[in-house]
Amino acid sequence: TEGEGSREIEAAKQRLAAAKARAASAAKQMDAATKGVDAANAMLAAAKKNAEAARSTRDNAASLVDSSEEEVKEAEAFLKEAGQKWDATDVDDNDTDDQEEGSRKRQKVDAERISVEGCGSPEVDGTYERSDRLHNGVHLYCKRGGRWKGKAVKFQLWYEAIDNSWIIGCENKRGKVYFYFARDADSAGLPPKNGWKILSRGNGNAKEPAPRLNW
C-alpha cells in the first residue's frame, strides 16, 4: 500500500544517512591515522639522525681518547728518558736567572751567536746572541733591533723542557708571540739546525718556509 511504501522509503533514507555518517567517520579516522603514521615516520627519521650523530660523536670521542692516551705515553716516555739522561729531579718551564750548575742544567757547549736564515717571515731572520738569562736551565738567544708589524720587539730563541722543543718568537707588551719550533734531538744544549716548523699556536704569524740555523 501507499503507506507501507512511504515507510519503506523513509527507512531506506535513514539507512543511507547512517551509512554516510559512518563513511564520514571512517574517513576522519583514516585521515587521523595517516597523519599519525606520517608523524611516526618523521620521529623515526629524526631518531635515526640522532642515533647516527651520537655514533659519530662516540667514535670521535673514542678516537680522541686513543690519541690522547698515546700522547700521554709519549710524554711520559720523553720525561722518563730526560730524567734518566740528565738526572732531572723536576721539570720547570718558568724563567729563572739562577745560573748555578744543577741537575736540570742541560747546557754542554756554548755558541756565542746563532744565525737564523731563510724564514718565510723575514722579520725573524738575523743573528741571535747568547744571553746570560736562562730558561729551563738553558741560555736564551736574543736578536737586537727586532721589529714586527712596525713596532720594536725582542725576538728570542729559547728551549721548552715541557715538550722538549726549541721555539723562535718575540715578546711585546702583550706577551710572547710564537713563530717556529723544532724538536730537540740532543743537540748538546743548542737548538737544531734543521727540522723547523711553523708553530700552530702562533695564530698565523709565521710563514713558510721555516728557517734553518747556523753557528
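How many aromatic pairs does a search of the whole structure find? The search finds four, where rings of Phe, Tyr and Trp (its six-membered ring) pair if their centres lie within 6.5 Å, and planes under 30 degrees apart count as stacked, over 60 as edge-to-face and the rest as tilted. The model is predicted, so local features need pLDDT of at least 70 and side-chain atom pairs count only at pLDDT 80 or more, whereas totals for chains, interfaces and linings use all residues. Residues are numbered from 1 along each chain as its sequence is written, and side-chain values use heavy atoms, with hydrogens and water left out.

One of the four pairs is formed by F155 and F179, which are tilted at 50° between the planes and lie 5.6 Å centre to centre. This pair links distant parts of the chain, 24 residues apart: F155 belongs to strand β7 (residues 154–160) and F179 to strand β9 (residues 175–183). Strands (E, at least two residues) are DSSP runs numbered from the N terminus. F155 is buried, at 0% relative accessibility, and F179 is also buried, at 0%; buried means under 20% relative accessible area (1.4 Å probe, protein chains only). Through ring pairs, F155 and F179 join W148 in a cluster.

The pair of Y159 and W166 is tilted because the planes stand at 55°, with the ring centres 5.7 Å apart. Y159 is buried at a relative accessible area of 4%, and W166 is buried at 0%.

The charged end of K143 is placed over the ring of F155, 5.3 Å from its centre. For K193, the charged end sits over the ring of W215, at 4.9 Å from the centre.

Note on methods:
Helix = DSSP H or I, 4+ residues; strand = E, 2+ residues; numbered from the N terminus. Buried < 20%, exposed > 50% of the residue type's maximum accessible area, 1.4 Å probe, protein only. Lys NZ or Arg CZ within 6 Å of the ring centre and 35° of its normal.
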